[in-house]
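Student: Could you take me slowly through one part of this model, the sheet and what packs on it?

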Amino acid sequence: MVMSLYPLRTKILIQGDDLATVIIEEAEKQNILLETGDIIVISSKVVARLEGRMVKLSEVEPSQEAYRIAKEVQLEPEFVELVLKESEIVFGGVYRALLTLKDNILQANAGIDSSNIPQGYAVLLPKDPTKSAHTIKRQIQEKTGRKVGIIIADSRTQPLRLGNTGMAIGVAGFKPVIDERGKKDLYGKILKITRRAVADNLACAAEILMGEGSEQTPIVIIKGAPVEMTEEYIEESQMIIPKEECMYFGTLFPKKGK
């Protein structure tokens, strides 16, 4: 099977733009035919902007806790206040990055970003990435008749690895994780814990083409992806491992008393 990726360069998208229409029109301009089974990866930042999730930092009133943390990690107090409000837990931080738990995901700064948006603003994550993904999937199907898969993708860092990779925070139209447990390897041994994060891997592939700077490429169409399409509603929980089973969280942040 051959997998092909097609980046879509767009105008700067703002609140009020119809994302499904933008995807369809930009694909047509670049002679890319949307087909059933295609996977469309969309930057979470674009989705959030269209949903009005941009915040003017001058309108944020920092708490004393925000001022204290901001001084330690050299972030703006207003930005830190947003991180505190959007996070379930803030574990600590390093230079310009706070390790947070947001929507059961360990990530930097609760996914809040201030790059590629107007000066003096920050953009939060989409309010409900799963719902956003399913809405975009439905709209594209209504407009084209094609049953596509959608990934709302954000960037992340891996422990002790340099640089950003991609991560799927909202998925629709295909199964995001393939369970390999019970299958045999090349030598007949039974796989015990292996599950393939298909959606995350596709987000990583798209991230290479999207970039992090001025590329203005927030959408990537993937053809030939080895996925299992489905019409079932994909819940976020299908991509989350319980804390006690997580190698990182369960080891570094064990329950008290253990």
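Tutor: Two strands pair if DSSP finds at least two bridges between them, and the strands (E, at least two residues) and helices (H or I, at least four) are DSSP runs numbered from the N terminus. This is a predicted model, in which local features need pLDDT of at least 70, side-chain atom pairs count only at pLDDT 80 or more, and totals for chains, interfaces and linings use all residues. Residues are numbered from 1 along each chain as its sequence is written, and side-chain values use heavy atoms, leaving out hydrogens and water.

The open sheet has five strands in the order E1-E12-E2-E8-E9, with mixed pairing. Strand E1 (4-8) and E9 are the edges, each with a single partner strand, so one side of each has no neighbour in the sheet. Further in, E2 and E12 (residues 219-223) pair in the antiparallel sense over four bridges, with Ile-39 opposite Ile-222 in E12. Helix H5 packs on this sheet, touching (heavy atoms within 4.5 Å) E2, E8 and E9.

H5 covers residues 129-144, and its buried residues (under 20% relative accessible area, 1.4 Å probe, protein chains only) include Pro-129, Thr-130 and Ala-133. The buried residues of H5 also pack against helix H1 (19-29) and helix H2 (44-50), while the residue that follows H5, Gly-145, has a positive phi near 80 degrees.

Gly-170 touches Pro-129, Thr-130 and Ala-133, among others including Ile-151 and Met-239.

Terms used
Expected span 1.5 Å × (residues − 1). Buried < 20%, exposed > 50% of the residue type's maximum accessible area, 1.4 Å probe, protein only. Axes fitted to C-alpha atoms, helices over the stretch in contact; angles between N-to-C directions. Lists of a residue's contacts leave out its neighbours within four places in sequence.
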